[in-house]
Amino acid sequence: MKDGFNFKIPAKMVLFLLTLLFAVLIALSFFQSSVTDALSNGISAAVLPMQKGLNRLGTQVFTEAENLVSLKHAQEENERLREQIAALQEENSLSEQERYELETYRELYDLDQEYSQYEKVGARVIGKDSGQWFHSFLIDKGSEDGLAEDMTVIAQGGLVGVITAVGPHSARVMSIIDDESNITAMSVNSRESFIVSGDLELYEDGHLQVMYIDRESEISPGDKIVTSNISSVYLPGILIGYIDEVSVDPNNMTKSGTLIPVVDFEHLETVLVITTLKNTGDDIVE
């Protein structure tokens with residue numbers, strides 16, 4: 001009797017089976033890698049363009065959002081700057097106006113001191129006749145303020161004109177450049193009298209006419225000219241201007257020429273009215 005059952009696999013068979021197993025595993029491994037790569041490539045091909053598009057869209061949206069925020073901030077900053085600029089311009093305008101008014105008041109004060117022997121009333125120009133020059137204009141003071149006809153008006157260091165009509169709260173002034181104006185004047189140097197006549201055409205060049213100067217007079221360019229003490233209306237010694245030129249008239253008996261007034265009759269805003277009348281010498285009181 002034989003001992004037990006004894007089954008033996010030949011060594012060649014074992015080697016063959018192992019080789020087959022390894023071959024199958026290698027094949028499976030290769031196949032799985034190919035399938036995986038194919039699937040991966042397919043998914044990548046489908047997903048990557050979408051991902052890129054989403055990335056671009058996200059970037060664009062983010063950029064637009066940033067731009068909107070920046071624009072809003074810029075608009076707010078611009079508005080703030082505009083408000084600051086407007087405030088500065090208003091402040092600058094007020095400063096210039098205040099400075100101009102201060103200079104005007106200082107000029108009037110200096111003029112008041114220069115003719116301190118006379119009582120005066122300050123007034124503002126509120127209207128004028130047509131044309132470029134202030135040859136006839138209105139002021140905001142009248143009889144209620146103590147003003148009367150024939151009162152002398154001064155500004156900017158010299159003679160402006162004379163009051164020709166008065167209402168309760170306003171008055172009309174005829175300036176020395178008006179065609180109807182004739183002033184008996186004199187030279188401070190020679191003390192000789194003559195006539196300074198208004199001429200709107202001549203004032204286009206900034207001059208007034210000087211007439212009836214004695215042939216032997218020593219009046220020359222640069223001489224200071226003031227109102228004469230023999231004037232029928234104007235108070236004496238008020239500065240009119242300076243001689244520009246003088247020449248002998250064709251009659252060979254008199255001289256004539258031109259004078260440059262000290263007052264700028266293109267820009268008049270405030271004046272002083274001397275409340276002393278030449279014809280009476282009495283102060284007008286309220």
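How many bridges join β6 to strand β7, and in which sense do the two run? In this predicted model, five bridges join β6 (residues 182-187) to β7 (residues 193-197), and the two strands run antiparallel. One of the bridge partners is F194 in β7, which pairs with A185. The two strands form a hairpin with five residues between them, and in the turn R191 has a positive phi of about 65 degrees.

β6 also pairs with strand β9 (residues 224-227), again in the antiparallel sense, over three bridges. Here S187 stands opposite I225 of β9. Strand β6 is mostly covered, with five of its six residues buried.

The model holds three aromatic pairs. One of them is W133 with Y203, an edge-to-face pair at 5.0 Å centre to centre, with 85 degrees between the planes. This pair links distant parts of the chain, 70 residues apart: W133 is in the loop between β1 (120-128) and β2 (136-139), and Y203 is in the loop between β7 and β8 (208-214). W133 counts as buried because its relative accessible area is 11%, under the 20% cut-off. Y203 is buried too, at 6% relative accessibility.

Y203 also forms an edge-to-face pair with F265, at 5.9 Å centre to centre and 80 degrees between the planes. F265 lies in the loop between β11 (254-261) and β12 (270-274), 62 residues from Y203, and is buried at 0% relative accessibility.

How values were computed:
Residues are numbered from 1 along each chain as its sequence is written. This is a predicted model: local features need pLDDT of at least 70, side-chain atom pairs count only at pLDDT 80 or more; totals for chains, interfaces and linings use all residues. Side-chain values use heavy atoms; hydrogens and water are left out. Buried means under 20% relative accessible area, exposed over 50%, partly exposed in between (1.4 Å probe, protein chains only). Helices (H or I, at least four residues) and strands (E, at least two) are DSSP runs, numbered from the N terminus. Two strands pair if DSSP finds at least two bridges between them. Rings of Phe, Tyr and Trp (its six-membered ring) pair if their centres lie within 6.5 Å; planes under 30 degrees apart count as stacked, over 60 as edge-to-face and the rest as tilted.
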